[in-house]
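Subject: Structure handover

Hi,

Here is the structure you are taking over. Please open it alongside this email. My notes follow below.

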Amino acid sequence: MSTSIGVWIAAFLTLGIMSFLYKDNPIYKFCEAVFVGVSAGYWFVVEFFNVFLPKVYDNVGIAVNVLLVQGRVDWFHWSYLLGGILGVLMLLRLVPKIGWISRWPLAVVVGTTAGLWLINYLVSNAMRQIQSTIIPLYVAGDLNATIGSIILVVGTFCGLIYFFFSKEHKGAFGGAAKIGIWFIMITFGASFGYTVMSRMSLLIARMDFLVGTWLGLIR
Amino acid sequence: MKKIKSILFSFFLLLFLFNLSFPQESSDPRPPTEIKAFDTPNDNGHAITVIWKLSADDGKVKNNVVAYEILRSDSPEGEFEIRGMVPVGENLFEDKGAKEKKDKNYFPSHKNFYYKVRAKADKTFSESEVSKPAFAYGQWYHTGKTTVLAGVIVFSVFALAFINLAKKGKELYIRPLAGIEAVDEAIGRATEMGKPILYILGLGSAEMIATIASFTILSRVAKKTAEYQTPILVPCYDAVVMAVAQETVRAAYLEAGRPDFYKEENIFFVTSMQFAYVAGVNGIMLREKPATNFYLGKFYAESLILAETGSVAGSIQISGTDEIAQIPFFIAATDYTLIGEELYAASAYLGKEPVLLGTLKAQDWGKAVVIISLILGALAASFGFQFFLNLFRVQL
Amino acid sequence: MKFFDRLLAIDRRIIFLFVIIAVTLPLFSKATLHIEVSPMVKAVYDAVDNLPPGSKVLVSFDYDPASAPELQPMALSFFRHCFSKDLKVVIIGLWPQGPVQANIALEDVFRDPEIKAKNLKYGVDYVNLGYMAGNEVVIQSMGSNIHTTFPADYTGNRTSELPLMKGIKNFDNIDFIYNLSAGYPGTMEWVQFAVDRFQAKLGAGNTAVQAPGMYPYIPEQLVGVLGGMKGGAEYEIIAKRPARAVSYMLSQGVSHAVIIFFIIIGNLAFFVTRGKKKTS
């Protein structure tokens, strides 16, 4: 059995959270409150020391220093102040009367993100994928590859048909859409299985911690 | 004796002359030819590409070339420095460097450079003629991304055209969606049972597309609940989302002619911690026992917990998200699910806003282009034609 | 009939109990399951194995302790592989806890006698440049200049003064990138920015939730992907160093079998009771 206080605290919190599986109880509520509080505090510290300090405080400090010592304006470092101001304007949403001002920095964020993502998503998630799907349907001498190519092209085609909203799913079009939804459901089933595997992996690690690290029953 | 001496002398003289006429095969490889140097296209202007015709002794047994060295100078008669080496069989080299002057590998643009290529054999080498001068310069337009530009222009034209049509009042058809048809039935059920409706906008922020789509559907649902005087509860994860949700519901109640029934305390902020939010909403479900739950927006790992608790509470549940990993959970645990893009289609269908309808139609036409290209491309590729593959190729 | 009705109404806590037992009991056993190495994992392994000694590998730690059970074994076996091949490793993190996880993995791998004997030096054989806020903008910035993106390392040393970083300016000087990802920012952003924009070579280790979403990128944009703890186990097998991930596979297999069993009997009960209701 472990003699480390940290391990005992971690074990208590793990068992407290897992007690919810039986039913809601005060110990679970306490553990969750601890988790929420520590998370909030941790994120505040991370944001302060990794975002605010290096990006705003340090850069504006350099700009001020250059102005005072060298008497010139260092526009590059002063530009970081703009980001700081936009951040403060975001906080104005807490003031009902001037809360509308917070829409401006939000617009900057939305516009910048859209511009940054537009070409990348179009290239990586559209053009390159279309390129990868334009493959020969028949691969001479390789039956597996031929079947794989046909499945890939038919699945992509029918999946796209399913998400076509301008035509009702009737007749041949409806048939293709039905094949499409089958492909989609099989994909979701596989994704579901993968997610279950992921959750089981986390549980395995936790149980290993409890019986191994905490109780010392496994070497 | 004299005769023998003269014969021997003639013999060696002939041998000497023979060797002069047919010298022993030189160990120098034959030089590369047709050397060309030009600005590397589609770059920032700090690279020159050099190409040449391979030495005739490339890949030969005798005087075999083992590598090519590329040399550069500021002038044709000046001192040449080695810029790089390529293995045998290759006839292209890109001479590039840094764009900052203070970098030791700085490559100036708009400066003439002369190149020659040295074919190296085991112990000897031969050099090509000096190339014509070439200088590097940056391009404003990357021709390799023309496909991307064409895609953006085509889609934009579609979008603007359909938005224009929608604004003029033209009916743009959207096929019926099972989840949407169930909305009215679900609201009616809540009214009959005298229970509230729970509407969850997800964990996304206000600028996310899924959240924006959910606001549109919330407006429609809120208008119906105003007409039926059914309470609607909207617990929010994000403070900005809460503010927008309050405005949305207030406007919907006003539109329905029931502003007095609007209760701001029904649209409230819970917490911005994922599982704490889930715990709070679960508590609401188990206490209030809403007749209908809507889960429309951005969801993550909490999706199944919410849907399971709603199922235990006996609510009819309609869900929709574009988070692919969470869709399987909603399909398994809720009654109706809007899969991915169906959420956006639903918001266009219910909101009937010209911009939403127009962009949805543009997406459909874009998909049609892709579908046709896929089929024609796969068939063409099966017969060895690369046209469609090259059409979608993006050079970076 | 009552039996099937009772099956459908089974208390979920009984199912939880079965799953916990299925997960815990195999941990006491030394037995392991046979693990087949998938082509995707082999592709990542081969890409690293084919690198000549002295090659530079960038490892991005984009996860937090919540995903460590799946991704930490991958990090460990990857480090072991790199150091045994005398590759130089540059560590960064797009998540704040990423570099911390990297240090934990380094501590673990340096306990290996083979790696310990190499007497690896910080700054020469490996560096940890720490966390940088900015998500995909950080990747884009690294494509121009890694030194301006990460002016100092995890402990505050100037990046330009580290011997390993002297020969590295941007992705052109990196031979292989390996991304351990649990969400955003993660592998998709590395594909979009490092691969599609700067032609870098990329392999990834993802949580099992994320892994299927990365398959469309293979093989043109992504060399291969290690999916979940199973992917980590496969890498340990192909590297001939079975460790934690392999030891967990028995629990994984048994718990999956229990879940499949409950799915089958649940569906059986559903269809039988539905059939009976239709008849009545």
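How many Å separate the centres of domain 1 of chain C and domain 2 of chain C, taken over C-alpha atoms? The separation of those two centres is 41 Å.

Before the rest, some ground rules. This is a predicted model, in which local features need pLDDT of at least 70 and side-chain atom pairs count only at pLDDT 80 or more, while totals for chains, interfaces and linings use all residues. Residues are numbered from 1 along each chain as its sequence is written, and chains are lettered from A and ligands numbered from 1 in the order in which they are written.

**Chain C**

Domain 1 of chain C is made of 2-26 + 255-279. Domain 2 of chain C covers 33-241. Domain bounds come from an automatic or database domain assignment.

One residue to look at is C:Val89, in strand β2 (residues 88-93) of chain C. Helices (H or I, at least four residues) and strands (E, at least two) are DSSP runs, numbered from the N terminus. C:Val89 is buried, with 21 other C-beta atoms within 10 Å. (Buried means 20 or more other C-beta atoms within 10 Å of the residue's own, exposed 12 or fewer, partly exposed in between; C-beta atoms are placed from the backbone.) C:Val89 touches C:Val57, C:Val59, C:Phe79, C:Cys82 and C:Tyr126, leaving aside residues up to four places away in sequence. Contact here means C-beta atoms, placed from the backbone, within 7 Å. C:Val127 is 38 residues from C:Val89 along the chain, yet their C-alpha atoms are separated by 6.5 Å.

**Chain A**

Chain A has domain 1 (1-94), domain 2 (102-134) and domain 3 (135-219). The C-alpha centres of domains 1 and 2 of chain A lie 28 Å apart. Between them, 5 residues of domain 1 of chain A meet 4 residues of domain 2 of chain A. The domain 1 side has 4 nonpolar, no polar and 1 charged residues. (Nonpolar: Ala, Val, Leu, Ile, Met, Phe, Trp, Tyr, Cys and Pro; charged: Asp, Glu, Lys and Arg; polar: the others, Gly among them.)

**Chain A against chain B**

This contact takes 38 residues from chain A and 41 residues from chain B. On the chain A side, α2 (26-69), α4 (103-133), α5 (143-162) and α6 (171-214) each give two or more residues. The largest share, 10 residues, comes from α4(A). By class, the chain A side has 24 nonpolar, 10 polar and 4 charged residues.

**Chain B**

Chain B splits into domain 1 (33-127), domain 2 (143-162 + 359-391) and domain 3 (172-352). The C-alpha centres of domains 1 and 3 of chain B lie 65 Å apart.

An open, antiparallel sheet of 4 strands runs β4-β3-β6-β7 in chain B. Its edge strands are β4 (81-87) and β7 (125-127) of chain B. Strands pair if DSSP finds at least two bridges between them. β6 (residues 114-120) of chain B joins β7(B) over 3 bridges. There, B:Ala119 stands opposite B:Ser126.

Next, β8 (residues 197-202) of chain B. 6 of its 6 residues are buried, so β8(B) is largely enclosed by the rest of the structure. β8(B) pairs in the parallel sense with β9 (residues 232-236) of chain B over 2 bridges. B:Ile197 faces B:Ile232 in that pairing. β8(B) also runs parallel to β11 (residues 292-298) of chain B, with 5 bridges. B:Tyr199 has B:Phe294 as its bridge partner in β11(B).

Best wishes

Notes
Contact = placed C-beta atoms within 7 Å.
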